[in-house]
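Please keep the sequence and the structure in view while reading.

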Amino acid sequence: MSGKKQPLEEWKKEIEAQIQKEHDQNAKREREEEYFDALVKVTSGEIPNSMLEEEQQQILKEIKERILYSGLSYEGYLKSAKKTEEELLKGFESQAQDRIRLRITLQEIAVLEKIEVSELEVEEKINELFQKTREPEKEKAKKMYQPGTASWIALRYQLLIQKTLEKIL
């Protein structure tokens with residue numbers, strides 16, 4: 001809603017458009033999940049323990065970030081879940097395996113389909129990400145995303161996966 005006064009019919013159209021957008025996003029997400037599940041099922045092979053442990057740690061890091069973002073404490077979360085960090089990590093094993101298998105499969109598809117991400121595409125995404133950031137923080141953040149840095153490589157990889165998904169879905 002725009003916050004300005006508008007005729008009832010315009011308001012209804014705006015609400016209907018928002019509902020349709022949410023419906024479309026949910027349908028797309030469901031299609032993606034079904035596709036991901038199918039990809040994971042057809043992907044086989046042993047996953048090295050080090051790779052599995054790294055992915056479990058990544059999942060834990062993501063959960064910690066969501067907990068902190070919601071204003072809770074990680075310790076409080078563990079207490080309410082009645083689990084130790086080790087138990088949480090063990091519980092992430094299956095999810096970590098699926099994520100690794102999906103990532104490997106999508107990378108293979110990207111190679112087979114010759115999907116690539118140019119430096120220009122990465123630069124455009126960086127500019128988009130920091131478009132609304134104030135100048136001092138923007139320069140600091142952009143330094144983190146210099147070509148060849150871990151952040152730049154991770155962003156390029158995300159864009160590659162995104163392009164791959166767009167092509168196959």
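The axis of a helix is a line fitted to its C-alpha atoms over the stretch in contact, and the angle between two axes runs from 0 to 180 degrees between their N-to-C directions. The model described here is predicted. On that definition, the axes of helix 1 and helix 5 cross at roughly 90° and come within 9 Å. Because angles of 65 to 115 degrees count as roughly perpendicular, helix 1 is roughly perpendicular to helix 5.

**Helix 1 with helix 5**

- On the side of helix 1, the contact involves Phe-36, Leu-39 and Val-40.
- These residues meet Asp-98, Arg-101, Leu-102, Thr-105, Leu-106 and Ile-109 of helix 5.
- Sorted by class, the contact of helix 1 with helix 5 comprises 6 nonpolar, 1 polar and 2 charged residues.

**Helix 5 with helix 8**

- Helix 5 spans residues 93–112 and helix 8 spans residues 150–168; their axes lie 10 Å apart, and the packing angle is about 75°.
- Helix 5 and helix 8 are therefore roughly perpendicular to each other.
- Helix 5 contributes Arg-103, Leu-106, Gln-107, Ile-109 and Ala-110, which meet Tyr-157, Leu-160, Ile-161, Thr-164, Leu-165 and Ile-168 of helix 8.
- The contact of helix 5 with helix 8 contains 8 nonpolar, 2 polar and 1 charged residues.

**Helix 6 with helix 8**

- Helix 6, formed by residues 119–129, packs against helix 8 at an angle of about 105°, with the axes 10 Å apart.
- Helix 6 is therefore roughly perpendicular to helix 8.
- From helix 6, Glu-119, Glu-121, Val-122, Lys-125, Ile-126 and Leu-129 take part, and from helix 8, Trp-152, Leu-155, Arg-156, Leu-159 and Lys-163.
- The residues of the contact of helix 6 with helix 8 are 6 nonpolar and 5 charged, with no polar residue.

**Charged and aromatic side chains**

- The structure contains 10 salt bridges.
- One of these salt bridges joins Glu-9 to Lys-12, whose closest N and O atoms are 3.9 Å apart.
- Glu-9 and Lys-12 are separated by about one helical turn, because they lie 3 residues apart in helix 1, which covers residues 8–42.
- The charged end of Lys-64 sits over the ring of Tyr-74, at 4.7 Å from the centre of that ring.

Notes:
Residues are numbered from 1 along each chain as its sequence is written. This is a predicted model: local features need pLDDT of at least 70, side-chain atom pairs count only at pLDDT 80 or more; totals for chains, interfaces and linings use all residues. Side-chain values use heavy atoms; hydrogens and water are left out. A charge sits over a ring if NZ of Lys or CZ of Arg is within 6 Å of the ring centre and within 35 degrees of the ring normal. Helices (H or I, at least four residues) and strands (E, at least two) are DSSP runs, numbered from the N terminus. Angles under 35 degrees count as roughly parallel, over 145 as roughly antiparallel, 65 to 115 as roughly perpendicular and the rest as oblique. Contact means heavy atoms within 4.5 Å. Ala, Val, Leu, Ile, Met, Phe, Trp, Tyr, Cys and Pro count as nonpolar, Asp, Glu, Lys and Arg as charged, and the others, Gly among them, as polar. A salt bridge is a side-chain nitrogen of Lys or Arg within 4 Å of a carboxyl oxygen of Asp or Glu.
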